[in-house]
Amino acid sequence: PKEFLLGQNYPNPFNPSTEIEYQLPEPGWVTLKVYNMLGQEVAVLVNEYQEAGFKTAAINMNAMPSGIYVYRLTAGSFTDAKRMILMK
């Protein structure tokens, strides 16, 4: 990849699992976390050093209530966030 990119989760809306794709043009420490609409962290999908490349993270939110959630990717100085909808 030539640039950092956080993709929209698929499928969206989802029940109960979804996948999030992202790309890293350089290696580094990566965190990918999920938050509820109150800003509370509800899941940590990635928290590790990763090599450059195209990545996918899967999440199963079977234990969480329906609603809108935000996932946030931080890699080096890059940060991006997107919304996803859990519909049960």
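Analyst: The questions and answers below concern a predicted model.

User: Which strands are the edge strands of the open sheet?

Analyst: Three strands make up this open sheet, arranged in the order β1-β2-β5 with antiparallel pairing. An edge strand here pairs on one side only, and this holds for two strands, namely β1 (5-6) and β5 (53-60).

User: Which residue in β2 is the bridge partner of Leu6?

Analyst: Strand β2 covers residues 17-24 and pairs with β1 in the antiparallel sense, over two bridges. Within β2, the bridge partner of Leu6 is Tyr22.

User: Are the rings of Phe4 and Phe78 stacked or edge-to-face?

Analyst: A pair of aromatic rings is described by the distance of the centres and the angle of the planes. The count of aromatic pairs comes to one. For Phe4 and Phe78 the ring centres are 5.1 Å apart and the planes lie at 10°, and because planes under 30 degrees apart count as stacked, this pair is stacked.

User: Is Phe78 buried or exposed?

Analyst: The relative accessible area of Phe78 is 18%. Since buried means under 20%, Phe78 is classed as buried.

User: What is the accessible area of the nonpolar patch on the surface?

Analyst: The patch is formed by Met37, Ile68, Ile85 and Met87, of which Met87 has its place in the segment after β7 (78-86). Taken together, these four residues have an accessible area of about 360 Å².

Methods
Residues numbered from 1 in each chain as written. Predicted model: local features only at pLDDT ≥ 70, side-chain atom pairs only at ≥ 80, totals over all residues. Heavy atoms only, no water. Patch = residues over 30% accessible without salt bridge, like charges linked within 9 Å, V, L, I, M, F, W, Y side chains within 5 Å. Areas by Shrake-Rupley, 256 points an atom, 1.4 Å probe, with all protein chains shown as cover. Salt bridge = Lys/Arg side-chain N within 4 Å of Asp/Glu carboxyl O. Helix = DSSP H or I, 4+ residues; strand = E, 2+ residues; numbered from the N terminus. Pairing = 2+ DSSP bridges. Phe/Tyr/Trp six-rings, centres within 6.5 Å; stacked < 30°, edge-to-face > 60°. Buried < 20%, exposed > 50% of the residue type's maximum accessible area, 1.4 Å probe, protein only.
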